[in-house]
Amino acid sequence: MEFFDAINARRSIRKYTPEAVPSEVMNKALDAALLAPNSSNMQTWRIYWIHNEGPKKETALACMNQGAARTAQELVAFVADPTTWKIAQLANLEHLGPNAPAAVKTYYTKLMPFVYSWRILAPVKWLMFNIMGIFKPMPRKPWSSRDIEEVAVKSTALAAENFMLAISAQGFDTCPMEGFDERRVKKILRLSCRARVVMIISVGRRDPEGLWGERFRLPKDIVIKKI
């Protein structure tokens, strides 16, 4: 499917047919999710393909047993977890090799640890960023655990969008769900306390009753501003 066809075909489906989703379709979409842009290539996302019937049924119940979850053939949880940053830090350094530019090495060996760790220094980070910002343009965040969490959530959402478009391009359908009991989902997936379940995406073949109506978006002149 052409790129813009996939975008136009993607709808949030609330009911699916019993048709199974082939594993190759899921794996191709998951591979596409991993190619999403993300902050500093730290890849602070984890993706849980909930395939087995037991966990899938538990997760559907944690999603308020809504039709999009209950009738789905597959469920995928996109999780932001900033505590995993060290894995990507070391992998990036190994990938760059000994001949990497000094500035890049400094970025991963000094700046990333400063940003992602030393949470006790959050007030100091805030003060430092804001003082430096008086004299030159300066990112004012992230300095707190909440900021780091927000960065991870943004990156994870980009991966989720890649996944949904890849599913759409293969002729199947999805529904991104935020209506779920995060505490119960974290228990099912055995997640750490700092992990955030960004969204759970159901996958299947759309049932004709699965669409709630024609697509509606606000007019461009309300949303898009050209300056």
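A: Ser40 counts as partly exposed because its relative accessibility is 21%; buried means under 20% relative accessible area, exposed means over 50%, and partly exposed lies in between, using a 1.4 Å probe and protein chains only. Before going on, please note that this is a predicted model, where local features need pLDDT of at least 70 and side-chain atom pairs count only at pLDDT 80 or more, while totals for chains, interfaces and linings use all residues. Residues are numbered from 1 along each chain as its sequence is written, and side-chain values use heavy atoms, with hydrogens and water left out.

You will find Ser40 in the loop between helix H2 (23-34) and strand S1 (45-50); helices (H or I, at least four residues) and strands (E, at least two) are DSSP runs numbered from the N terminus. Now look at the backbone. Most residues other than glycine have a negative phi. Ser40, however, has a positive phi of about 55° although it is not a glycine. Gln43 also lies in the loop between H2 and S1, and its phi is near 50°, again positive in a residue other than glycine. Gln43 counts as partly exposed because its relative accessibility is 30%.

Let's move on to aromatic rings. Rings of Phe, Tyr and Trp (its six-membered ring) pair if their centres lie within 6.5 Å; planes under 30 degrees apart are stacked, over 60 edge-to-face, and the rest tilted. The count comes to four aromatic pairs. One of them joins Phe3 and Phe4, edge-to-face at 5.2 Å centre to centre with 75° between the planes. Phe3 and Phe4 are exposed. Tyr107 and Tyr108 also make an edge-to-face pair, because their ring centres are 5.4 Å apart and their planes are at 80°. Tyr107 is partly exposed at 33% relative accessibility, whereas Tyr108 is buried at 9%.

Rings can have charges over them too (NZ of Lys or CZ of Arg within 6 Å of the ring centre and within 35 degrees of the ring normal). Lys125 has its charged end over the ring of Phe114, 5.1 Å from the centre. Arg14 lies over the face of Trp212, 4.4 Å from the ring centre.

Finally, what about the cysteines? A disulfide is a pair of cysteine sulfur atoms within 2.5 Å, and a search of the whole structure finds zero. For Cys63, the nearest cysteine sulfur is that of Cys175, 9.7 Å away. Cys63 is buried, with a relative accessible area of 0%, while Cys193 is exposed at 74%.
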